[in-house]
Amino acid sequence: AVRLCRGRALLSRLRGAPRALRGLAAGPEMHFGFQSVTEEERREKIYQVFESVAKKYDVMNDSMTLGIHRVWKDILVHKMNPCPGTLLLDVAGGTGDIAFRFINYVRSVRDRQLRMKLKHHQSLSWQEIFENYQEDKFNSLGDSQVVVCDINREMLKAGKQKAQHLGYSEGLSWVLGNAEELPFDDDKFDVYTIAFGIRNVTRIDLALQEAYRVLKPGGRFLCLEFSHVSNPLLSRLYDLYSFQVIPVLGEVIAGDWRSYQYLVESIRQFPPQEELKAMIEDAGFFRVDYENLNFGIVAIHSGFKL
Amino acid sequence: PGTARLRHSDPRGWDGHGGEEEVEEKEGWHRLYPGHIPTSPLQKALLAAGSAVMALYDPYRHDMVAVLGETTGCLALPNLRDKMKHHPEGYRILQERPRIRLSTLDTSRLRGLPDGSLGREYVRFLEDNKVSPDTRMPPKFVDDEELAYVIQRYREVHDLMHTLLGMPTNMLGEVVVKWFEAVQTGLPMCVLGAAFGPVRLSSRKLQVLATELVPWAIRSGLNASCVLNVYYEQRWEQPVESLREEIGIFPPP
């Protein structure tokens, strides 16, 4: 058993060297957290992880990040700055956090638009004002739409329930689909987002190519994901917190140690900021850039299809 | 061999890439038994605290009670294991590792045994309270394979405790059994459960508990020999009364 350990360790170190190739998954061996598995096994295991965490996903997010994940998602949508009429595809959107924020944002922009419009119409007759309100009532989103796409049925189910509970129905649709092979036509969407999802995709390069395909020319790609902390002291504290506290939280709150162990390991395995930027450029995006949040614990990558 | 493996659960091994190799070994190869999750001392401490809070907050989280037992049992479990080793019947149990599960129990045969026998009363207890021995959590955080069996045995024998003490599975009955087990095993989880369990009881029940049941449970616990040293699976025909006398449990009030 010990010799086998050493062999595996060597393999992982060899694999560790050409990290840029990891996204292309040259060989059959891949990583699942710190374990090495085949591509098919990885997809299967990740599916099971999210199947089991789906119900407690939001509670766990709040406890692990002490609620800060909400701020990160807010920043993403603010960066997106969608105007009414935008068509958004939120991939790996699971429980709908980005979609709901998008709807809220667009609604408030629309409200402001309407108010500005009415301010300029000071001398309208009552009939005209009435007509204005009538047509705008059915357009509170201004034709904006968001499609939430996720590979996992349980996550979608949880998302739909949440939408119903919070009262979101207009301009929202839920689609079961794989980020590596999206069930949409070319040149369809204005914005593509993937928040905390790309880390779980087995072939990141394929997902990026698909993102490029389904975006309209002029469309924007936005990716919110855990990334690498360069500050050494902070990095050690972060590691300590991740490996010592998070699986414990998973066990105590969700009764599931292993899924959260996978979570923190998968963060370590994910390419750092510059590498991801290169991969996005490889897929054909221009003006690719990234913004670190919280010293690199999280990063938002952005690119345009021109 | 046990301590050499434990070395790898040092938290210092957890940094980024350097630790990757060790962690990979740990994940795949340092599992001492199926379901084992190796944990560092810090993780055990956090788990103990977290599970204690969660168990009190949500009494239906039996898995939290189990985790609490595993993470705090590091002194009591070796003690129990040694008690078993030095007793002929206990030693046999450690060797043969019997498991109490519905698949291994022949419930129809047990039901056919005369009233008052251990087997008959045990099956009656399971049916009356609608419980099954299969719902016991397997251990995860015990870092020794033999101790993991000891705690597993303790969990599976719990229902037999109920039968021997004549206590139902309501809150009151559970607390009484916990007091007995706390005295018998010294497991901190039992002590905590015995101390904090009554918090949720009405004052009338508390009175009965304090004046009659707990003193009896303590006296029996102190007087009785180690309950884990009884090979229950070979004593189904024995009358409960006789088994009580043999172990040293006083008749229930």
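Contact here means heavy atoms within 4.5 Å. All views show a predicted model.

**View 1. Helices H4(B) and H11(B) pack against each other in chain B.** Helix H4 spans residues 62-72 and helix H11 spans residues 188-196. Their axes lie 8 Å apart and form an angle of about 130°. H4(B) is therefore oblique to H11(B).

**View 2. Residues of H4(B) meet residues of H11(B).** On the H4(B) side, the contact is made by B:Val65, B:Leu68, B:Gly69 and B:Thr72. Their partners in H11(B) are B:Pro188, B:Met189 and B:Leu192. By class, five residues of this contact are nonpolar and two are polar, while none is charged.

**View 3. A:Asp282 lies in helix H12 of chain A.** This helix covers residues 273-282. A:Asp282 has a relative accessible area of 68%, and because the cut-off for exposed is over 50%, A:Asp282 counts as exposed. A:Asp205 is 77 residues from A:Asp282 in sequence, yet the two C-alpha atoms are 8.4 Å apart in space.

**View 4. Chain A, which holds A:Asp282, contains twelve helices and nine strands.** Chain A has 306 residues, of which 52% count as buried. Among its contacts with a separation of 6 or more, 75% join residues 24 or more positions apart.

Note on methods:
Residues numbered from 1 in each chain as written. Chains lettered and ligands numbered in written order. Predicted model: local features only at pLDDT ≥ 70, side-chain atom pairs only at ≥ 80, totals over all residues. Heavy atoms only, no water. Helix = DSSP H or I, 4+ residues; strand = E, 2+ residues; numbered from the N terminus. Buried < 20%, exposed > 50% of the residue type's maximum accessible area, 1.4 Å probe, protein only. Axes fitted to C-alpha atoms, helices over the stretch in contact; angles between N-to-C directions. Parallel < 35°, antiparallel > 145°, perpendicular 65-115°, else oblique. Nonpolar A, V, L, I, M, F, W, Y, C, P; charged D, E, K, R; others polar.
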